Amino acid sequence: MAFPMKELEVHNDLLDDHEAMERQIREEGYLFFRGVLDPEAVEAVREKYFSILVDDYGVVDPGQDVPVWNGTDVSDFPIKVPEAYGSGTWEKFTSDPRIHGFFEKVMGEPISWIPSTEYRLNPPAPADPEDWVAGRHQDGFFNEGIPFRTCWVPFAEIDADCGGLAIAPGVNKRGYLHDRENPPKYDIPADAIKESEWARPEVYLPGDVLIFGEDTPHAGLVNRSKVFRLSMDIRFSAKSDPQPVVGTLSAVGAGWLTIDTADGPVRLTVDERSYLRLKDGAQLPVSEMENFLQVGEKMMAGRDGDRALVVRPQKG
């Protein structure tokens with residue numbers, strides 16, 4: 001398992017106190033709730049994950065209640081499982097009134113779902129990593145102009161050996177820690193966050209959810225168990241917040257692009273201050289935009305007027 005981490009607080013007692021939840025997010029950067037998501041909606045996602053592992057990859061045996069790895073070679077198991085992406089799973093999950101209603105209660109007003117979802121079906125890793133919190137990052141650094149909160153949802157029991165998500169409570173108040181002199185991913189330096197500042201619960205359970213802000217440092221931990229780790233990242237914002245431009249890239253030229261949205265085409269200028277984000281979070285130089293971006297891609301953008309602050313692929 002990773003180095004010892006402090007325990008996350010549980011905030012179920014704050015659910016009827018919106019101001020207290022907002023204070024908690026501001027001060028500690030997160031809200032952690034136990035057993036609050038509808039069991040039927042959670043089970044539907046869990047069943048989809050199991051079908052992928054059993055039927056598409058054969059890495060879990062049929063009839064299992066726990067996604068135990070059956071020993072089949074997973075050295076080429078994809079980081080982003082294509083059978084999950086584009087499946088409509090996150091859309092069905094978040095459109096369930098019982099799920100949508102819970103997150104609106106947390107936000108205290110109507111919400112919109114951001115098309116930036118990650119499906120996690122993490123296999124056991126062959127060895128301990130040199131850095132247990134490699135990949136530490138803050139979501140907002142890569143998404144200027146797209147305000148949101150991230151929700152990390154487990155769909156099977158995830159103990160310390162299985163890994164899951166670790167966050168650094170309170171470190172959100174230090175601002176962005178990414179090294180702006182280290183392109184293209186601008187990693188957070190290893191010594192920027194002490195080991196003693198990282199936290200996770202002893203175990204995550206289906207029905208739990210961890211919600212955190214754009215400036216909360218977090219990292220996915222390596223799975224050193226014998227089971228697959230099943231989780232999903234989904235993101236929402238208040239409808240009253242500035243909404244991203246969401247649609248399909250229809251044209252791109254030197255210093256500009258057009259995204260066709262449900263309300264019509266939106267043309268944005270792109271300059272050296274714009275963050276052209278690749279699927280892995282790395283920054284694409286503006287000079288390579290015309291050659292790299294593909295017309296027909298599903299994209300979204302944060303903007304300041306007609307200028308793009310960030311341009312990135314949709315996910316999910």
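Reply: Here is the sheet, then the helix across it, then the cores.

This is a predicted model, where local features need pLDDT of at least 70, side-chain atom pairs count only at pLDDT 80 or more, and totals for chains, interfaces and linings use all residues. Residues are numbered from 1 along each chain as its sequence is written, and side-chain values use heavy atoms, with hydrogens and water left out.

The open sheet has 5 strands, ordered S1-S7-S3-S9-S2, with antiparallel pairing. Strands are DSSP runs (E, at least two residues), as helices are (H or I, at least four), numbered from the N terminus. Two strands pair if DSSP finds at least two bridges between them. S1 (30–33) and S2 (111–122) are the edge strands; each has a single partner strand, so one side of each lacks a neighbour in the sheet. On average, neighbouring strands are turned by 15° against each other, direction ignored.

S1 joins S7 (residues 209–212) through 4 bridges. Tyr 30 has Phe 212 as its bridge partner in S7.

Helix H4 (residues 97–107) lies across S1, S2, S3 (149–154), S7 and S9 (229–238). H4 runs at about 115° to S2; axes are lines fitted to C-alpha atoms, for helices over the stretch in contact, and angles run from 0 to 180 degrees between N-to-C directions.

Phe 103 touches Ile 111, Cys 151, Val 209 and Ile 234, among others, not counting residues up to four places away in sequence. Contact means heavy atoms within 4.5 Å.

Phe 93 and Phe 103 have the most contacts inside the largest nonpolar core, of 45 residues. Such a core is a set of buried Ala, Val, Leu, Ile, Met, Phe, Trp, Tyr and Cys residues joined through side-chain atoms within 4.5 Å; buried means under 20% relative accessible area (1.4 Å probe, protein chains only). Helix H2 (residues 39–56) gives the largest share, 8 residues.

Conventions: Buried means under 20% relative accessible area, exposed over 50%, partly exposed in between (1.4 Å probe, protein chains only).
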